[in-house]
Amino acid sequence: MPFTTDLVDELNTLVFFDLGSTQQGIKIHKTANPAIIAATRRLHAKGLLTLVDGGYLTSLGRDAAEHAQAVLTILSSTPSTTTGP
């Protein structure tokens, strides 16, 4: 199953979170991009965020954010120039 636009928006929302601190959340303002507002609401409904407009990551949300940020790091890296045997 490929990523839908909604899932990409949710992944983009998860990468806003600073994983270095559990005391730092996010606040999505009503003037934000409507796609991000909707993504934040969906993440809350799925149990990944504490508040409908952001808040903090739940335990499940932290796991998802860690994976989302890892995928972003991997896919954003420069390809290796080494070849196989």
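Helix α3 gives the largest share of the lining of the largest pocket, namely six residues. Helices (H or I, at least four residues) and strands (E, at least two) are DSSP runs, numbered from the N terminus. The model discussed here is predicted, so local features need pLDDT of at least 70 and side-chain atom pairs count only at pLDDT 80 or more, while totals for chains, interfaces and linings use all residues. Residues are numbered from 1 along each chain as its sequence is written, and side-chain values use heavy atoms, with hydrogens and water left out.

A pocket is an open set of points, on a 1 Å grid over the protein atoms alone, where a 1.4 Å probe fits, with protein on both sides within 12 Å along at least five of seven lines; lining residues have an atom within 4 Å of a point. The volume of the largest pocket is about 240 Å³, a volume being the space filled by probe spheres set on the points, which are joined across faces, edges and corners. Its lining consists of F3, V8, L11, N12, V15, A64, H67, A68, V71, L72 and L75.

The interior can be considered next. A nonpolar core is a set of buried Ala, Val, Leu, Ile, Met, Phe, Trp, Tyr and Cys residues joined through side-chain atoms within 4.5 Å. Buried means under 20% relative accessible area, exposed over 50%, and partly exposed in between (1.4 Å probe, protein chains only). The largest nonpolar core has 12 residues, including L14, F17, L57, A65 and A68. Helices α2 (34–45) and α3 each supply at least two residues of this core, and the largest share, three residues, comes from α2.

Contact means heavy atoms within 4.5 Å. Leaving aside residues up to four places away in sequence, L57 touches L14, F17, L19, L48, L49, R62 and A65. With the same exclusion, Q69 touches L14, V15, F17 and L19. Q69 is found in helix α3 and counts as buried because its relative accessible area is 19%. Its side chain reaches the backbone oxygen of L14 at 3.3 Å.

D53 is partly exposed because its relative accessible area is 23%. Beyond its neighbours within four places in sequence, D53 is in contact with I26, K27, I28 and T40. The side chains of D53 and K27 are joined by a polar contact of 2.3 Å. Such a contact is a pair of N or O atoms within 3.5 Å; within protein, one must be able to donate a hydrogen and the other to accept it, and residues adjacent in sequence count only if both atoms are side-chain atoms.
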